[in-house]
Amino acid sequence: MLKKILFLIIVFYILTLFQTSFMPFFDINGLTINLVLVLVILINLFEVPEKKIGLWSAFMAGFFLDVWSSMPFGIEILIFVLVAVFIKFILKKYVQIPTFEKV
Amino acid sequence: MRFSIGKRIIIIVALVILIFLSLNLTGFSKEVREFFYNFSSPIQRNFWQAGNKVSNFFESIFNAQNLNKENYELKNKNQELLGKIVLLQELKDENKTLRQALEINLQKEFKLVFSEIIGKDIGEDFILINKGSADGISEKMPVITSEKVLVGKISQVYNNFSKVMLISHKDEENSFYVKIQSILNSGQEKDEISIKAKGKGKGGYKLFLEMIPKDREILEGEIVVTDILSGIFPKGLLVGEIRKVEKSDIEPFQTAEVSIFFDIKEIDHLFVLTEY
């Protein structure tokens, strides 16, 4: 678990730098794809709903985006964790899809 | 002492809220941000340069078809501008003589701090530059390009970094007064007088002008510059050109969309006006 979290910290840190310094060149009408959010959604979608890595990912992703954001610190963490909780809730209650762990 | 799951969740949520409140209210979040900016800036600079190169490469491929047309148009425009330069040179000489006569030294128009962009906020129109309070920068200072095009103003200052709020940011306090010049971008002059309007950002690099009197006909391509009423911005900085005009019978004023002159993808360096 700890190794996975350390690995995700590095991944989200690099991805946030990539998002803030590389992606602005590839905008469509001033909007860019939020790769950090995409990764958090994918992790939460394909993880077993009972596991916690998705929530940790959301927290770390939110933390790094907060560092490079102009909004009050904590807003991105709140949004990302809520997204992760929402996905987990929907998957647990209504959807059955094959996950990495089960396959 | 054991707590039920519900109580535990409430305690965790309360603790998290407390941590974030203290981070924001004590200003410690500024130190956390600056710590990350300090050791990330070399990586960010490399990503920014790489992004610039890759986007230029793809742009040249996509725009290859339009190159001939663009080249022809630019040649024509260049000739027109050359004619204007000659005229302006004469005026400059005349102006110089008059200044000497009046003993006015306006050589020092602005005091500038040179800076580089290293990042952009994801959702909003903010950019991060590599100069901060250690270089004499403070909040609300205007930021321009080398062509005297207005980019925005300093909104947050760290020791070695600053955040720039672009003129297109939708913040209500970001609005400023501009002047619509009676000169078209093509160099032609119009018979109308210059008028004032209120510039207001809409986010996503979009800027709109409001409070334009209905009786003044606005044409696409008219140049927009900052006005003396801009407050924090010095007058005469280039802002953009009129792209689209919207008139309504019920509204007392007309509005116009402005195509801003700067493009952060094209800018290599910026200047912060510390004195003007």
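A crossing of two helices is left-handed if the near helix is turned anticlockwise from the far one by less than a right angle, and right-handed if clockwise. Helices (H or I, at least four residues) and strands (E, at least two) are DSSP runs, numbered from the N terminus.

The model is predicted: local features need pLDDT of at least 70 and side-chain atom pairs count only at pLDDT 80 or more, while totals for chains, interfaces and linings use all residues. Residues are numbered from 1 along each chain as its sequence is written, and chains are lettered from A and ligands numbered from 1 in the order in which they are written.

**View 1. H2(A) and H4(A) cross in a right-handed sense.** Helix H2 (residues 35–46) and helix H4 (residues 75–94) of chain A cross at roughly 25°, and their axes come within 9 Å. H2(A) is therefore roughly parallel to H4(A) (angle under 35 degrees). Axes are lines fitted to C-alpha atoms, for helices over the stretch in contact, with angles from 0 to 180 degrees between N-to-C directions. From H2(A), Val40(A), Ile41(A), Asn44(A) and Leu45(A) meet Phe80(A), Val83(A), Ala84(A), Ile87(A) and Lys88(A) of H4(A); contact puts C-beta atoms, placed from the backbone, within 7 Å. Seven nonpolar residues, one polar and one charged make up this contact (Ala, Val, Leu, Ile, Met, Phe, Trp, Tyr, Cys and Pro are nonpolar; Asp, Glu, Lys and Arg charged; the others, Gly among them, polar).

**View 2. H1(A) packs against H3(A) at about 35°.** The two axes are 9 Å apart, and H1(A) passes H3(A) in a right-handed crossing. H1(A) contributes Lys4(A), Ile5(A), Leu8(A), Ile9(A), Phe12(A), Tyr13(A) and Thr16(A). Facing them in H3(A) are Ile53(A), Trp56(A), Ser57(A), Met60(A), Ala61(A), Phe64(A) and Leu65(A). By class, the contact has 11 nonpolar, two polar and one charged residues.

**View 3. Chain A meets chain B.** In this interface, 21 residues of chain A contact 31 residues of chain B. Helices H1 (2–21) and H3 (53–67) of chain A each supply at least two residues on the chain A side. H1(A) gives the largest share of that side, five residues. The chain A side holds 12 nonpolar and nine polar residues, and no charged ones.

**View 4. Chain B has four domains: domain 1 (5–61), domain 2 (68–102), domain 3 (112–166 + 267–275) and domain 4 (172–260).** These bounds come from an automatic or database domain assignment. The C-alpha centres of domain 1 and domain 4 of chain B are 35 Å apart. Chain B contains three helices and 12 strands.

How values were computed: Contact = placed C-beta atoms within 7 Å. Parallel < 35°, antiparallel > 145°, perpendicular 65-115°, else oblique.
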